[in-house]
Amino acid sequence: MSLQPAAFGGRDVRAVSSAEAADRVSNGTGGAAGAARSRAGGAPTLVLAAHGTRSAAGERTLAELAAVIRRQRPGRRVELAYLEISRPLLRDVLPAVPGPVVVVPLLLAGGYHVRVDLPAVLAAHRPDALMAAPLGPHGLLTSALARGLGRAGLRRTDAVILGATGSSDPSALADVRAAAHRLAVRLGRPVTAAFASAGTPTPAEALERLRSGPARRVAVASYVLAPGFFHGRLLAAGADLVTDPLGADPDVASLVWNRYDEAALTPRAATA
């Protein structure tokens, strides 16, 4: 689901190109100078930008993840906000946070939200904020996925699907396929990327294809952060086992701080 122009206080975000918005967000009011101000003002506040969900269990899981993130660096200010649906909304949280800010998307792949929605929100409501990269693909996510499969009872002879939400953006699908490749290397067997919404194959299509092969069972590694609509689709696909969402895994929390450090500590060249 994409944010509509009305979600930005009446401002038509279509008037802000993704490149323009990204430049304004990344460079604040001067790129390297903005990074220097962040260092001078102390550790920036970490603002977690989740998509939003109608699932109460999903909101609880994201709150638990935020709590694990806070425990990893006691004394750092961490705020959880949402692009849409859930509260508080990112557009309301950003202006209320004093001092420098780093926004880390709680998104497992790139795509429209990362290229357009988030930069537009930051450009409209906190142009001095630094925006980190999305979480995936990354080796820490691979570790969390492998542990989840082990807890779910993965066998050496099982076929494996990496079940993701999907996107109409080819770059987001490529990120998921890269994550599937990482997991395949870790597990020492093929891993098929499948998509619960936009993107092919769907979990059902991937299952049908794998059922015709030698594997007697098919496992789905859930490449979602929290329970909700998309995890429900993975559960309903008919696999022999489906892992829990990544949730409040310590490696996911460590990855958030990794992305934060990349954004906060890497000098950025000022634009002309």
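The answer below looks at one helix pair and the salt bridges around it.

A: The model is a predicted one. Two packed helices are described by the angle between their axes and the distance between the axes. Start with those values. Helix α3 covers residues 56-72, and helix α10 covers residues 250-265. They pack at an angle of about 65 degrees. Their axes lie 9 Å apart. The crossing of α3 past α10 is right-handed.

From α3 come L65, V68, I69 and Q72. From α10 come P250, V252, A253, S254, V256 and W257. Of the residues in this contact, 8 are nonpolar and 2 are polar. No charged residue takes part.

R73 forms a salt bridge with D261, with the closest N and O atoms 2.7 Å apart. R73 sits in the loop between α3 and β2, while D261 belongs to α10, so this pair ties together parts that are 188 residues apart in sequence. R73 is partly exposed, at 24% relative accessibility. D261 is partly exposed too, at 23%.

Helix α10 holds another pair. E262 and R259 form a salt bridge, their closest N and O atoms being 3.3 Å apart. These two are 3 residues apart in α10, so about one helical turn separates them. E262 is partly exposed at 38% relative accessibility, whereas R259 is buried at 10%.

The whole structure has 9 salt bridges.

Note on methods:
Residues are numbered from 1 along each chain as its sequence is written. This is a predicted model: local features need pLDDT of at least 70, side-chain atom pairs count only at pLDDT 80 or more; totals for chains, interfaces and linings use all residues. Side-chain values use heavy atoms; hydrogens and water are left out. Axes are lines fitted to C-alpha atoms, for helices over the stretch in contact, and angles run from 0 to 180 degrees between N-to-C directions. Helices (H or I, at least four residues) and strands (E, at least two) are DSSP runs, numbered from the N terminus. A crossing is left-handed if the near helix is turned anticlockwise from the far one by less than a right angle, and right-handed if clockwise. Contact means heavy atoms within 4.5 Å. Ala, Val, Leu, Ile, Met, Phe, Trp, Tyr, Cys and Pro count as nonpolar, Asp, Glu, Lys and Arg as charged, and the others, Gly among them, as polar. A salt bridge is a side-chain nitrogen of Lys or Arg within 4 Å of a carboxyl oxygen of Asp or Glu. Buried means under 20% relative accessible area, exposed over 50%, partly exposed in between (1.4 Å probe, protein chains only).
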